[in-house]
Amino acid sequence: MGVYDIKELQVNEDIRVKEVRLIGADGEQIGIISTKKALDMARDKRLDLVNVAPNAKPPVCKIIDYGKYKYEAIKKAKEAKKRQSVITVKEIRMSPNIDTHDLEVKARRAVDFFNSGDRVKVSVRFRGREMNHTEIGRDVLNKFVELTDGAGVIDKKPNMEGRNMVMFMSPNTEG
């Protein structure tokens, strides 16, 4: 059915159980009756008998206009999709001996990411003998946080992951 897949329900003759718990067109409980009688009641009102809870004992069926029900369900799914926000994680990589200007440029780039609502993964990569001086990388990350000027807040403090020191930041919502 496309992007907004709605679970296909059993309708009218597709319902193959002896008896069902029936809910009328206006939402009132009718009770447990035979499927044939429920189907006849639905036809009298020119509506459909829809199995809304097939796993219940006995299954629960409703008398509704199935076409309208599907349309409403698709409409709800579209609305929910509009309201959801997708958060992406952008990565900024640096080395422990990064120059001041380069660090400022990377910080400005991170602020742009924060303004567009993205999270940022900031990593400092150590190579060779730099591994003995991880405190330099920590200083670089602290300076980076200062340069972002409150646009982002630290989610996950800097920690080592292999040869990289990694820190996660997200946009500052306090504004």
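1. Arg125 stands opposite Asn164 in E9. The two strands concerned, E7 (residues 119-125) and E9 (residues 164-171), run antiparallel and are joined by six bridges. Helices (H or I, at least four residues) and strands (E, at least two) are DSSP runs numbered from the N terminus, and two strands pair if DSSP finds at least two bridges between them.

2. Please keep in mind that this is a predicted model, in which local features need pLDDT of at least 70 and side-chain atom pairs count only at pLDDT 80 or more, whereas totals for chains, interfaces and linings use all residues. Residues are numbered from 1 along each chain as its sequence is written, and side-chain values use heavy atoms, with hydrogens and water left out.

3. E7 and E9 belong to an open sheet of four strands with mixed pairing, in the order E6-E7-E9-E8. Its edge strands are E6 (89-94) and E8 (152-161), each of which pairs on one side only. On average, neighbouring strands of this sheet are turned by 20 degrees against each other, direction ignored; axes are lines fitted to C-alpha atoms, for helices over the stretch in contact, and angles run from 0 to 180 degrees between N-to-C directions.

4. E8 is joined to E9 by seven bridges, and these strands run antiparallel. Asn159 stands opposite Val166 in E9, and the hairpin formed by E8 and E9 has two residues between the strands, with Gly162 in the turn showing a positive phi of about 70 degrees.

5. Contact here means heavy atoms within 4.5 Å.

6. How do H3 and H4 pack on each other, and at what angle? H3 (residues 100-115) and H4 (residues 134-147) pack at an angle of about 55 degrees, with their axes 9 Å apart, and they are therefore oblique to each other (angles under 35 degrees count as roughly parallel, over 145 as roughly antiparallel, 65 to 115 as roughly perpendicular and the rest as oblique). The contact is made by Leu103, Glu104, Lys106, Ala107 and Ala110 of H3 and by Val140, Lys143, Phe144 and Leu147 of H4. These residues divide into six nonpolar, no polar and three charged, where Ala, Val, Leu, Ile, Met, Phe, Trp, Tyr, Cys and Pro count as nonpolar, Asp, Glu, Lys and Arg as charged, and the others, Gly among them, as polar.

7. Ser116 lies in the loop between H3 and E7. A polar atom of the Ser116 side chain lies 2.9 Å from the backbone oxygen of Phe113.

8. There is also an open sheet of five strands, in the order E1-E4-E5-E2-E3 and with mixed pairing. Strands E1 (10-11) and E3 (29-34) stand at its edges, each with a single partner strand, so one side of each is left without a neighbour in the sheet. Helix H1 (residues 35-44) packs on this sheet, touching E2 (19-23), E3, E4 and E5, and its direction makes about 125 degrees with that of E3.

9. Within that sheet, E4 (residues 48-53) and E5 (residues 60-64) run antiparallel and are joined by five bridges, and the bridge partner of Leu49 in E5 is Ile63. Helix H2 (residues 66-83) lies across E1, E4 and E5, running at about 45 degrees to E4.

Conventions: A polar contact is a pair of N or O atoms within 3.5 Å; within protein, one must be able to donate a hydrogen and the other to accept it, and residues adjacent in sequence count only if both atoms are side-chain atoms.
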